[in-house]
Structures are given as structure tokens and as C-alpha cells.
Amino acid sequence: MPHVAVVMPTFDQAAFVPRALASLVAQSFTDWEAVAVDDGSPDETAAIVAEWVERDRRIHLVRLPANEGLGAALNHGLDATSAPLVAYLPTDDSWYPDHLASLVALLGERPDAVLAHAGLRHHYNREALEPLAEDGLQLVQVLHRRTADRWMERAELVTDDLGTMLFDRLRRSGSFVSTATVTCEWVDHPAQLHKLLREPAGGINRYRQRFGVRHPLRFHTTTGDRIDEWTRYAPFRDRPRSEAAPDGLRILLVGELAYNADRIVALEERGHSLFGLWMPDPYWYNTVGPLPFGHVTDATTRDVPAAIAETRPDVVYALLNWQAVPWAAHVLRENRGVPFVWHYKEGPFISLEKGHWPDLVALTTGADGVIHSSAEMRDWFATAVPGAADPDRMLVLDGDLPKADWFDAPFSDRLSGADGAIHTVVPGRPIGLHPETVAELAAQDVHLHFYGDFTRGQWRSWVERTNGIAPGYLHLHPTVDQSGWVRELSRYDAGWLHVFRSRNAGDIRRADWDDLNIPARMATLAAAGLPMLQRDNAGSIVATQSLARALRTSIFFDEIGEVGSRLGTTAEIESVRTAVVRTRQQFTFDAHADRLVAFFRSVIDRTGRRCVPRRRSREEAAASPSP
């Protein structure tokens, strides 16, 4: 039996494979067996490994028919080998010739140790003798004794934390020791798995698209919030597909669906058939298919004419944020006559900076229908893209409203009823609330509760300074998703919108993004029945101000020093709270779904183009693929 088993997980890394295998066969320690586990690669990885298998009988290949994830690939490798010691060589990394020899020798000297690790070279030319502070132990640098433990797999949790996946459990069996010598290289490149996983550059949506994952995920990286799609979306997934209405539309969703992606189930519930043609390389908050809540059938190709021929849509509904602009514009150019609606959430100024402005202008002028997220954004576009403000082509609708189902929960008792203090909440970034601002609030006995694991990490220095000058008045909480908005956030007296002073003085051409935006937290606070705190920007054009005044859902203030007295005025706060509760359904997508469909129909009728409607049978509905 060989003394060391080398497990080589690989996916779509054909160009890396020869370098890794060459470093393996160059080892001065020769008593090893190796298994390369090709995790469903779409490239020539398997063929290249097969050539090395022919050259060296110690190398073996296990090819998985579909991608199962890193944990499963590693477990397949463990199951295919039997040596008492296990090393790992991902095919984008490499070893120096004495790597295995030094690790085997160290474990031989230390019977109390379960794992030995080498120092490594990383990020081109840096070296580290101990585990990297932000990344921890890497597969390429370790050798451990074989135990009954197995790697955590995708069905349990997707994470970049190798400690959670296995190393923490190994540590229970013995100590970890270091050779204190650099004998391997952890290669830094854009396609590294941890970069794909970590927000904000990566995230669950990029991971899902990269590996074609069609089921819900439990996802938690070292830099992001914990996401449990199995639990969150069970009510939707367990709900059967709706019977197609006799006049139901076939709607092709193009681009991405942002945060509250499940909102579009409201269209399917009304008897419309939904299809997906998703943007490549989404950001962490750009939700793309396969959707974890189901009810949408993805096109099997990104070739636009072929996807349209396959899905036969009555209308193309392209959306939503600036990252989707190039893809939506591409689909518009490739579209062959199907009525096309463009819905834009945020934001035109980013599109200007990112070089997407020509595409955004093409969408704004070339779409058969255009939806703006606020009336203020519509008016701004009328000045920025002259000639595009045809009222027959326009609709105003916030592009990322949540599904109404999340509002159906009882309110909790307020904290202020127990301690007599005022408790306010900020879900997400505390924009405009500086540490000195929190200190001013503390002087009025006003507490600030800050929600968000990932956001809190980004604002670490802000948290430290705030705690230093306002001790006891800043309270940190983990992220709460849609299922907990009502229960958790209704405990507070009011919630903060973005705090800023508008500088446009009533001139829409001078408006910036703070002026035009309807932030997602408005719906979050409305769900919990919370009065919304925002600065009074009278005399300026501000979307949140206009909406809140129309619905009477905000407490307006001029200076932070008056917030405590305003929130302490029982009659005013109760009046605003009553208005929020009365109008909160206006912050759900369901309340506007029929208006959106009516707009689709008006676009179809105006263009005179529509696929021949055909009612889907129950048998077809049952047979339709669902993510």
C-alpha cells in the first residue's frame, strides 16, 4: 500500500493541469498514489489527466458526470485511495520537489500530530510560514493522517472556510504542526474558488451560475451573510405551479432579479408563464437562475434568437441594475421583433462611470416600454436622454419590491415598552449616520440597532469608533432576511432611511443618486410597520421624500438633535405608525403586479406583435423543468 494518497480536485482548469502534475511526479518522496477528481469539467481537463495516467501508473482519474462541488470531489478522492496519509494538490497549485518528503518526515517525528503543513508562496511572490491570516490553511500545504472524517459537501453548506469543511474536526484528533519551510505555491488568479464565493466580488449567485446548481443552497462564506435558501423558499417551492390562464402571457425575464427575486412568483400565480435568460457573471446581489424558489423555466442557451425561439415569449422583460445593462442591450439588439420592456432600478450615474451609458441610452430609447423606479428618475432621464420621455412608453414602479408573503406575520412587542428608551434600527449600511451622529442620539437616550454581518464587517472602523464615543447605544445584530423582517424589526420605534442633505435645490438636472433612489430598506421598514426617519429636504427633489409625504410614512427632521423629541411625541409617532401599517402593502410587488401586466399588454397591443397564445395543459405544467 502506498504511504501517501494525493487527492487532486479539479474543475475547468485544463491549462493548469500539466504544471500541477509535473510538480507531483517531481517529488523526491515517491511512495504515493494520486487520484485526480474531475468534477464535471466542460473543458479538456479529463483528456489531459488521462495522458498522465498513461505515463505514470501511480496516477488515476475519477471523472464525475456533473459538478458536485469541492467537498464531494475531495470525498470521492478519499474514497478512491487507501494510503494512511493524505495530501491535496488542487490543479491550479504546485509543489516544490521536497514538499511531500518534509511533511511525511514531520508527521513521523510527531505521533501526537494529526496534520502537518508547509509554508507557502502566495500572491505571486509573497511567502508565509503560518496559515494566512484572512484565508487560513490551504489544501496545497497540508498532509494529514487518514481518519473517518469527511469533507462537508454542497448539500450541507457551501463555504470557503476549509476549517468548517474538515480541518476543525481533524484538530480534535491531534495537534497541527508546521515544517516552517516554504515548499508549495498557492496560485493567485481570478477564478480561484474563494474569490467566486466571497462577497462582494463573488457570492451565491455567481457560484450558482458557475457550477449550474439547480437546487437551493445553504451558503456562508468568511465575508458574507449566512443564506439558507432551503428554509427561506420552502413555501414557494412546495407550492405547485399555477394553471396557465387562458390569456396568460409568456414572459421572458432577461438580466437579473436583484434582492427580492421571489417577487416574480406573483406573476406566475396570476397564470403567466415565466422563462429566464440570465446575464453572465452576476454580482453577489444580482439573483440569476436557476432560481431557488422555482416557477421559472430557464432557456437552455444564451444565443438570443435561439432562446427566444425556444421560449416563445409574448414579451421580453429586461431588468434590473446597472450590471445587467450590457446584457440587456445585447438582447435588445439580437431580439427579433418580440415586444421589449426595460426596467431600470440603479443607477444611471454608475452606468456613466462604468462605460455602459451608450447601452443604457439604447435601452431607454429602443425599448418598446421603459419602467423607471421612481418618478424622479423618469424626470431625470427626460433631461439626460431627450426624446425618450414618451408617456405611452413609460411606467413608474420600484423594481425590487418584496413578495407580499413576507408581510404576513404578527408584530412583536416594542423594546421601548420595557425600558422606556427609544430604539431605532438601520437594516444595512448606516448611510449618513456618523459615529458623532450616534453620540448625539445617545445624548437623547435614542439607541441605534445595526443589522448585517457582512455590512458590519465593511464598517468595522465605524463600529469601533461609535462604540468608543457612544458606549451602550450601538447594538449589533446578525442579518435578518425577509422571513424575519416583521418579527424582528417591529420591536423598534422607527427605522432610518439614508440620511443626507440634498443639493439639487429643486433642479432635477442637479439631482444625484440619493435624490433619485428608492432604497430597498423602505420596503423592509414598511413590512415591520416602522415610521421612517429621514432628513427634511424641503425645496429639493427627493424620491423618498415625495413618496413618504404622499403616504405619510416618515418622521422628518432638520437636525439630529431634534430626533429624540420627535420620537417622544406620542401622537405624532402613532399617527405615522398607523399610516405605515395602513399603506404597507403598497411596498409589496403583489400590489403592483396587475398594473405591471397591464403595462405589458399595452406594449404588446401598441406594437401589434405577440406570439400566438396557447394554454398550457396540466400535463405540460407537471413536466416542465423546475430549478
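At what angle do helix α1 and helix α2 pack, and how far apart are their axes?

Reply: This is a predicted model, and every value below is computed from it. Start with your pair. Helix α1 covers residues 17–25, and helix α2 covers residues 45–55. They pack at an angle of about 25°. Their axes lie 10 Å apart. Angles under 35 degrees count as roughly parallel, so α1 and α2 are roughly parallel to each other. The crossing of these two helices has a hand as well: α1 and α2 cross in a right-handed way.

Now look at the residues that touch. On the α1 side they are V17, P18, L21, A22 and V25. On the α2 side they are T45, I48, V49 and W52. Sort the contact of α1 with α2 by class, and you get 8 nonpolar residues, 1 polar residue and no charged ones.

Next, compare another helix pair. Helix α17 runs over residues 435–443, and helix α19 over residues 460–469. The angle here is about 30°, and the axes are 9 Å apart. By the cut-off of 35 degrees, α17 and α19 are therefore roughly parallel to each other. The crossing of α17 with α19 is right-handed. From α17, the contact takes P435, E436, V438 and A439. From α19, it takes W462, R465, T466 and I469. This contact of α17 with α19 holds 5 nonpolar, 1 polar and 2 charged residues.

A third pair has another arrangement. Helix α14 spans residues 357–366, and helix α15 spans residues 375–384. Their axes come within 12 Å and cross at roughly 105°. That makes α14 roughly perpendicular to α15, because angles of 65 to 115 degrees count that way. W357, L360 and T364 of α14 meet W380, F381 and A384 of α15. The contact of α14 with α15 has 5 nonpolar residues, 1 polar residue and no charged ones.

Several elements give two or more residues to the lining: β1 (4–10), α3 (70–79), α5 (162–170), α6 (193–197) and α7 (204–211). By class, the lining of the second largest pocket has 16 nonpolar, 9 polar and 9 charged residues.

Finish with the backbone. Most peptide bonds are trans, and most residues other than glycine have a negative phi. A cis peptide bond joins G289 and P290, with omega about 0°. P290 sits in the loop between β13 (273–278) and β14 (297–298). H295 is found in the loop between β13 and β14. Phi of H295 is near 70°, a positive value in a residue other than glycine. The peptide bond from L319 to L320 is cis, and omega is near 15°. L320 belongs to strand β15, residues 315–320.

To recap your pair: α1 and α2 pack at about 25°, and their crossing is right-handed.

Note on methods:
Residues numbered from 1 in each chain as written. Predicted model: local features only at pLDDT ≥ 70, side-chain atom pairs only at ≥ 80, totals over all residues. Heavy atoms only, no water. Axes fitted to C-alpha atoms, helices over the stretch in contact; angles between N-to-C directions. Helix = DSSP H or I, 4+ residues; strand = E, 2+ residues; numbered from the N terminus. Parallel < 35°, antiparallel > 145°, perpendicular 65-115°, else oblique. Left-handed = near helix turned anticlockwise from the far one by under 90°. Contact = heavy atoms within 4.5 Å. Nonpolar A, V, L, I, M, F, W, Y, C, P; charged D, E, K, R; others polar.
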